[in-house]
Amino acid sequence: MLSRWFNSSLLRSSCLSSCWAPVLSGVLLASSMSTASADNLSVVRDLASRVGPIVGSAQACQNVARSRVQLIVDKFQAVIREASNNETERGDVSRVFERYVADGRGAVSSGKTDCKVAERQIADLEQSIGAASPQPAPSPAADTSAPSTTAATPPTLPAPPTAATPTPQLPTTNVRGVTDREIRFGIVIPYTGSAKENGQNYKQGIDVAFAKINEAGGVNGRLLKLIPGDDGFEPARTVGVMKNLLEKERVFGFFGNLGTPTAEVSVPYALEQRTLFYAPFTGGTVVRHDPPDRYVFNYRPSFAEEADAAVRYLLKVRKLKPNQIIAFGENDAFGDQGFAGMAKAYRAMGVSDASILRLTYNRNTIDVDEAVNQLRQQKTPIRAVVMTATTRPAAKFIEKTRDLFPGMIYTNMSVSGATALAEELMLLGPRFTENVIVTQTVPAVSGYSSEVLEFKNALAKYAPGVTPDYLALEGFIAANVLIDALKRCGPQVDTEKLVDVLETTRNLDLGLGASLNFSRSDHQASHKLWGTQMDKTGKFQPIELE
């Protein structure tokens, strides 16, 4: 163990933002280490976000002696070495620390922090680790030639004092989308077309989560704001809408953009701008590169994971034969990736995917007649359809095939919008709800888990009269993961710092029955799927997928 300071109670403590100095001291006082743990490394990353800016601002001030700053740097590098299991981890955390040091230097050069504040902060840090704090030189001035953050062997330190350093005042900032009062996020969704209900429901959940945290005073004193833009679910319009949000509305980053075909143009734009692209409403591969793109983070499982779950359910639970199952989906990247996931699932189970019948429809239409005609011509009895379709085309396909194929099982992806799909089918009559299954990325909204209850209570308070919805619940959960990261960022927020903090999200327990995680090599928080089946009243009931 690194030290008694890295026990589980500390890692759960909400006072870490004001207690980091004693923690640092405790780490430095550790006399032995048997195994470096991931929790220790996570705490050291968090400490880097607090110590780094202080070191950087002191480096930029001539009134702070270089030896004082270098002593702090040397000791913190020793902490990094002790917390790391290998060179890769050590280099990773060192780069994070150096990035925050650069932030501190920039704060002085831009006038956000003056050298008097820098002197006081470095003195507080010296006191917390028991280092001598000499009198400062009389003339404060910025110095852009900062010393290196190369490590050296630290001397033995005396025991630290128990008092915590005071929480700093909320800093002014020149970061786009961040003021001393708010952080602005943009969301690009359709207000027209076949996917408009999905976008509105997803946004509803984010709005409710933001309203809840804002009523409590926001995150580190800043309110969260979500500014929408409408691209009509047409990729040709998406980048223009994003550009408007970025340049005119001055948003900090993007949260909740909807669609796979739209993501194929929006992700390159976000990466070019080096801006956050968080929790897009898609399971497509364009937001799941290996290794992951630095600025792209997902909450939800992939289309491939959902298709795999649907295929396994049909083959193993419903005991269907592979040639009794067909695919139906959108004739674009969304449908392509759903079909690819289905084919991959077949291959993984040792079944050829060559004979899978694929039926399609055009995006932003409900014209499914050609697909229905192709289905009529099949000689092999078809008993199930794995759909990758938005709400209204899926409902239209069920409507036109239900009487032709009694007992047909229909599965669809979570992005179809279970609530909206149920509403469409209930308008047709209860018999159209039979054997309709939707894989979900969140638990049943009818359940009583902690996060579901928190969501329903917040929805009733901030959006009274709105029916709890699976997509809204997903937006609510994704927002809470982001809020957790923003809290851990502290008062100084920028894109690079938020990305670093998101990548340290470990075992986040929101009460879903599964913990949520990000890392440098995995930018997808959840890999958990739930099964639901519609009953004759249009309600979705939980089912076991395995």
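Helix α7 (residues 196–215) packs against helix α16 (residues 470–489) with the axes 7 Å apart and at an angle of about 40°. Because angles under 35 degrees count as roughly parallel, over 145 as roughly antiparallel, 65 to 115 as roughly perpendicular and the rest as oblique, α7 is oblique to α16. Axes are lines fitted to C-alpha atoms, for helices over the stretch in contact, and angles run from 0 to 180 degrees between N-to-C directions. Helices (H or I, at least four residues) and strands (E, at least two) are DSSP runs, numbered from the N terminus.

The model is predicted: local features need pLDDT of at least 70, side-chain atom pairs count only at pLDDT 80 or more, and totals for chains, interfaces and linings use all residues. Residues are numbered from 1 along each chain as its sequence is written, and side-chain values use heavy atoms, with hydrogens and water left out.

Contact means heavy atoms within 4.5 Å. Among the residues of α7 that meet α16 are Y202, I206 and F210, and those of α16 include L471, F476 and I483.

Strand β10 (residues 436–440) contains Q440. Q440 counts as buried because its relative accessibility is 1%, where buried means under 20% relative accessible area, exposed over 50% and partly exposed in between (1.4 Å probe, protein chains only).

| Pair | Kind of distance | Value |
|---|---|---|
| Q440 and E474 | C-alpha atoms | 9.4 Å |
| Q440 and T532 | side-chain polar contact | 3.2 Å |

A polar contact is a pair of N or O atoms within 3.5 Å; within protein, one must be able to donate a hydrogen and the other to accept it, and residues adjacent in sequence count only if both atoms are side-chain atoms.
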